[in-house]
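Morning, everyone. Please look at the structure on the screen, and keep the sequence beside it.

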Amino acid sequence: AVKQVIGVVPQDLALYEDLTAKENLLFWGQMYGLSGKSLNSRVDEVLEQIGLVDKAKNQVKTYSGGMKRRVNIGAALLHKPAILIMDEPTVGIDPQSRRHILDSVKELNRAGMTVLYTTHYMEEAQKICDRVGIMDEGKVLVTGSVEELLAKHGKETLVLIERPGGETRISTNDPLREVTSALEAGDVTGLRVERADLETVFLSLTGKWLRD
């Protein structure tokens, strides 16, 4: 019963590359118990949703990495799950497919689906997530809305940048990164950032500024 309400998009592609996109979706639809006209109708809807109607009869092995990931997502949507779990769905893909996937996630959420989205790209989490949990080495460090995390952990963050034996140049064009003061001591430059993005919050919480 639980499996019927959950869709899973694994990081590793779960597709048969010798089959077409439509054949893959028909196969996975049957695995979810769909059949007949309802299966064919749902496959057509998903192909439209992932933007691959015109490539539906091409073998998956001819697809780009981004197109394969879209089919991978489509397979998880066939049974209209209430909860969608996505494990780094935009790893190693082109910008166009990445944008399509992020827009699709937002649209699915607006339609009422709960999406659990894992990513190493902090800008993705900041763009699409209502609630964020930051993890490091298997432990949840903090949870909250993007605004809450920025307000609580992004104010007056001290950023240390080390450039031994050379000139340190620092610039910012991110409106969330408002540098309020700077200091220099030897080869280390420090910046105080009034509000940071989620990447800065993560680095601040994990203490990995200089280590990485």
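Let's start with a definition: helices (H or I, at least four residues) and strands (E, at least two) are DSSP runs, numbered from the N terminus. Now the ground rules. This is a predicted model, where local features need pLDDT of at least 70, side-chain atom pairs count only at pLDDT 80 or more, and totals for chains, interfaces and linings use all residues. Residues are numbered from 1 along each chain as its sequence is written, and side-chain values use heavy atoms, with hydrogens and water left out.

First, the whole chain. It has seven helices and eight strands. There are 212 residues, and 37% of them count as buried. Buried means under 20% relative accessible area, exposed means over 50%, and partly exposed is in between (1.4 Å probe, protein chains only).

Next, contacts, meaning heavy atoms within 4.5 Å. Take the contacts in the chain with a separation of 6 or more: 65% of them join residues 24 or more positions apart.

Now the surface. The chain exposes about 12,500 Å², with 50% of that supplied by carbon and sulfur atoms. Such areas come from the Shrake-Rupley method with a 1.4 Å probe; for residues, only the protein chains shown count as cover.

Now two residues. Where does E137 lie? E137 sits in the loop between β4 (132-136) and β5 (139-144). Its phi is positive, near 55°, and E137 is not a glycine. E137 counts as exposed because its relative accessibility is 67%.

Then K80. K80 is in the loop between α3 (65-77) and β2 (83-87). K80 is not a glycine, yet its phi is positive, about 50°. Buried or exposed? K80 has 57% relative accessibility, so K80 counts as exposed.
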